[in-house]
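Dear colleague,

I am handing over the structure below, together with its sequence, and would be glad if you could look through it alongside the notes that follow.

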Amino acid sequence: MSKQHVPIKKNDEIDVIFEDLTHDGKGVAKVDGYPLFVENALPGEKAKIRVTKLNKGYGFGQMIELDEKSEFRITPACPIFAECGGCQLQHISYEGQLKAKEKQVRDVLERIGKLENVIVHPVLGMENPWHYRNKAQVPIGEREGGLVGGFYKQRSHEIVDMEACLIQQEENDDVLQKVKAICGDLGIRAYNEKTHKGTLRHIMVRSGKVTGEMMVVLITRTPDIPNRKKLVERIVNEVPGLKSVVQNVNTKRTNVIFGKQTNVLWGEEFIYDYIGDVKFAISARSFYQVNPEQTKVLYDKALEYAGLGGEETVIDAYCGIGTISLFLAQRAKKVYGVEIVPEAIEDARRNAELNDITNVEFEVGEAEKVIPRWYEQGVKADVLVVDPPRKGCDETLLQTITDMKPEKVVYVSCNPATLARDLRVLEDGGYETVQVQPVDMFPQSVHVEAVALLQRETI
Ligand code: SAH
């Protein structure tokens, strides 16, 4: 196919067979090699579609009629699946989701990383792929005088009320409904984006999966909350076992949820949870993995790949609140963690202390600046772990890794495309990708995490 040749026209109605799924869950069909992306279409399915948009190298279509269904197609369990957009794969059975994610990782490693025959294991999924999230966070609005909380209708700022979310821990949903009702009862007005008036912007509920501890966070426009005393009293009385009620004040006209000021209204500043044996303190603003059960699966794999015997020096780049560092510290001589967000490093240090882990050192800064400096100062890692954000590792960091030559690199990734790109650089720099283990941290969604083990080639 020549680059300019587009074999179809807008509004054409054509019969296609879908071959693949994009990373954002659309079906891919090809017409003379020209790819068309269609929502709600699965590999193997035959359908009549209407062409809706044509770009140079690819186009979009809309399903008119599904002629042959995939064996993995199911009816979405959630009644608001299509409207909400929070999950993208509920129309695929869980088995089908795991297969699709495995294929996605393998394909991208081949296509972008030019890595042939890398071992990609079947995705480690959840036994029950529902009700896994430990944090619920909803915007609050008003309808006919009452409060509603849920999600923004797609491409709008209208809030759709939601009573339950199937990937949310059920207790979180219950508490959210209760708090919403209490606020409504007491006449607390929802924040109005247009007029910048009203009080309550968001409600957040966090809970510890293992400990069962719960925190309610009220995000308000003003430091004052009408009826505050009564409100807190009722929340505490009506939510048994609550540990903490916190207010966060966001005075700005902004889509950003949190403001600068956080006040404890009742109870503790922190709730606690465990991943494996490691205890974590979680404040209203702390980053904490939303699916701790699968986080353990992922980090256990990282630990296994690190293959520590107790005498190693380890670097954990992009360490966040130190989850991986603290995991590894139990089996290493010394762990160095670096992270760009100062509050996360404060949490990491607090968590080290909480667990009496003394062989870790955390520093605030950019991994690509701090690690080269450590290297100059004589720190040489035996194992280097990276867990970068979606954009992957900085080039300077990859260069430092190939200079420092740690025996092993363990790459934890939330984006297979940048993982593939970075593995290619490390391969060219003297490493071999031994194996890759995808882990399903977010069932029903398109996200896929993977951990890769790289070994320094011995020549
Ligand atoms: N392993 C961590 C999570 C890693 S998520 C945990 O369990 O908590 C990626 C982290 O990289 C985020 O915390 C983000 O703040 C941090 N980050 C982003 N860019 C960075 C950079 N250039 N240098 C160091 N950290 C960075």
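The C-alpha centres of domain 1 and domain 3 lie 41 Å apart. Please keep in mind that this is a predicted model, and that the chain is divided into domain 1 (3-68), domain 2, which is made up of 102-127 and 291-456, and domain 3 (135-277).

I then turned to the ligand. There are 18 residues around the ligand, and those that come nearest are Tyr299, Thr323, Glu339, Ala367 and Asp387. By class, this shell consists of 10 nonpolar, 4 polar and 4 charged residues. Two helices, α6 (323-329) and α8 (367-376), each contribute at least two residues to the shell.

A nitrogen atom of the ligand, for its part, is 3.1 Å from an N or O atom in the side chain of glutamate 368. The ligand taken alone exposes 570 Å², of which the protein buries 85%.

Glutamate 339 deserves a separate word. This residue is found in strand β16 (residues 334-339), and because its relative accessible area is 12%, under the 20% cut-off, glutamate 339 counts as buried. The UniProt record, an unreviewed entry, places the feature "binding site" at Gln289, Tyr318, Glu339 and Asp387; Glu339 and Asp387 are also among the residues that come nearest to the ligand in the model.

Cysteine 414 is found in the loop between β19 (408-413) and α10 (416-428). With a relative accessible area of 19%, cysteine 414 is classed as buried, since the cut-off is under 20%.

One further residue that I noted is threonine 295, whose place is in helix α5 (residues 292-306). Threonine 295 has a relative accessibility of 0% and therefore counts as buried, and its side chain reaches the backbone oxygen of asparagine 291 at 2.8 Å.

Note on methods. Residues are numbered from 1 along each chain as its sequence is written. This is a predicted model: local features need pLDDT of at least 70, side-chain atom pairs count only at pLDDT 80 or more; totals for chains, interfaces and linings use all residues. Side-chain values use heavy atoms; hydrogens and water are left out. Domain bounds come from an automatic or database domain assignment. A residue is near a molecule or strand if one of its heavy atoms lies within 4 Å of it. A polar contact is a pair of N or O atoms within 3.5 Å; within protein, one must be able to donate a hydrogen and the other to accept it, and residues adjacent in sequence count only if both atoms are side-chain atoms. Accessible areas come from the Shrake-Rupley method with a 1.4 Å probe; for residues, only the protein chains shown count as cover. Helices (H or I, at least four residues) and strands (E, at least two) are DSSP runs, numbered from the N terminus. Ala, Val, Leu, Ile, Met, Phe, Trp, Tyr, Cys and Pro count as nonpolar, Asp, Glu, Lys and Arg as charged, and the others, Gly among them, as polar. UniProt positions are given in the numbering used here, feature names are shortened, and annotations may be inferred rather than shown by experiment. Buried means under 20% relative accessible area, exposed over 50%, partly exposed in between (1.4 Å probe, protein chains only).
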